[in-house]
Amino acid sequence: MKNTLLKDLGLALLRIGSSALLLTHGFSKFQKLISGDFEFGDPIGIGSAPTLFLAVLAEFVCPILIILGFKTRWAAIFPAVTMVVAAFIVHAQDAIGVKEKALLFLIAFVSISLLGPGKYSIDKK
């Protein structure tokens, strides 16, 4: 029983902590989107407005879903893919210290996607 409690608390901490930290990056992008300012980087060549929309989805909407524990495994895929782009495309030529944050987020969201939300979530798995 104690092992299950610790596992579920650890999953909740990983899920809520990493999502809350990612929200600090996504909130400014969300404000940019709703203000109508679509000027944004385009690292994968789909246009700046679609890239901004996807970044808001991955860094603002999905972290809220993950914090709540709703559709957690699916919601964690979007931030993970965004961090792949950040680490290996946007910061491809940068030193490890620059891409470290993206890599840590990548590890966290892949782990969340693989492990699920735990007991303390809407999904309760």
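Helices here are DSSP runs of H or I with at least four residues, numbered from the N terminus. By that count, T72 sits in helix α3. One thing to keep in mind from the start: this is a predicted model.

**How α3 meets α4**

- Two packed helices are described by the angle between their axes and the distance between the axes.
- For helix α3 (residues 72–90) and helix α4 (residues 96–115), the axes come within 8 Å and cross at roughly 155°.
- Angles over 145 degrees count as roughly antiparallel, so α3 is roughly antiparallel to α4.
- The handedness of this α3 and α4 crossing is left-handed.
- On the α3 side, the contact is made by T72, R73, A76, I77, P79, A80, M83, V84, A86, A87 and F88.
- On the α4 side, you'll find K99, A102, L103, F105, L106, F109, V110, I112, S113, L114 and L115.
- Sort the residues of the α3 and α4 contact by class and you get 18 nonpolar, two polar and two charged.

**How α2 meets α3**

- Helix α2 covers residues 48–68.
- The axes of α2 and α3 come within 9 Å, crossing at roughly 150°.
- With that angle, α2 is roughly antiparallel to α3.
- This crossing of α2 and α3 is left-handed.
- From α2, the contact draws on L57, A58, E59, C62, L65 and I66.
- From α3, it takes in T72, A75, A76, F78, P79, T82 and M83.
- The class breakdown for α2 with α3 is ten nonpolar, two polar and one charged.

**T72, a residue in both contacts**

- T72 is on the list for α3 with α4, and it turns up again in the contact of α2 with α3.
- Its relative accessible area is 0%, so T72 is buried.
- The T72 side chain reaches the backbone oxygen of G69 at 3.4 Å.
- Skip the residues up to four places away in sequence, and T72 touches R15, I66, I112, P117 and D123.

**F105, over on α4**

- F105 belongs to helix α4.
- Buried or exposed? F105 is buried, with a relative accessible area of 10%.
- Leaving aside neighbours within four places in sequence, F105 is in contact with S18, L21, L22, H25 and M83.
- F105 and L54 are 51 residues apart along the chain, and their C-alpha atoms are separated by 17 Å.

**T51, over on α2**

- T51 has its place in helix α2.
- At 11% relative accessibility, T51 is another one that counts as buried.
- T51 touches F40, G41, D42, P43 and I46, not counting residues up to four places away in sequence.
- Take F40 from that list: F40 and T51 are eleven residues apart along the chain, with 7.3 Å between their C-alpha atoms.

**S121, past the end of α4**

- S121 lies in the segment after α4.
- S121 counts as buried, at 8% relative accessibility.
- A polar atom of the S121 side chain lies 3.4 Å from the backbone nitrogen of D123.
- Which residues does S121 contact, leaving aside its neighbours within four places in sequence? They are R15, L68 and G69.
- Look back at T72 here: R15 is one of the residues T72 touches, and R15 is in contact with S121 too.

Note on methods: Residues numbered from 1 in each chain as written. Predicted model: local features only at pLDDT ≥ 70, side-chain atom pairs only at ≥ 80, totals over all residues. Heavy atoms only, no water. Axes fitted to C-alpha atoms, helices over the stretch in contact; angles between N-to-C directions. Helix = DSSP H or I, 4+ residues; strand = E, 2+ residues; numbered from the N terminus. Parallel < 35°, antiparallel > 145°, perpendicular 65-115°, else oblique. Left-handed = near helix turned anticlockwise from the far one by under 90°. Contact = heavy atoms within 4.5 Å. Nonpolar A, V, L, I, M, F, W, Y, C, P; charged D, E, K, R; others polar. Buried < 20%, exposed > 50% of the residue type's maximum accessible area, 1.4 Å probe, protein only. Polar contact = N/O pair within 3.5 Å; in protein donor to acceptor, adjacent residues only side chain to side chain.
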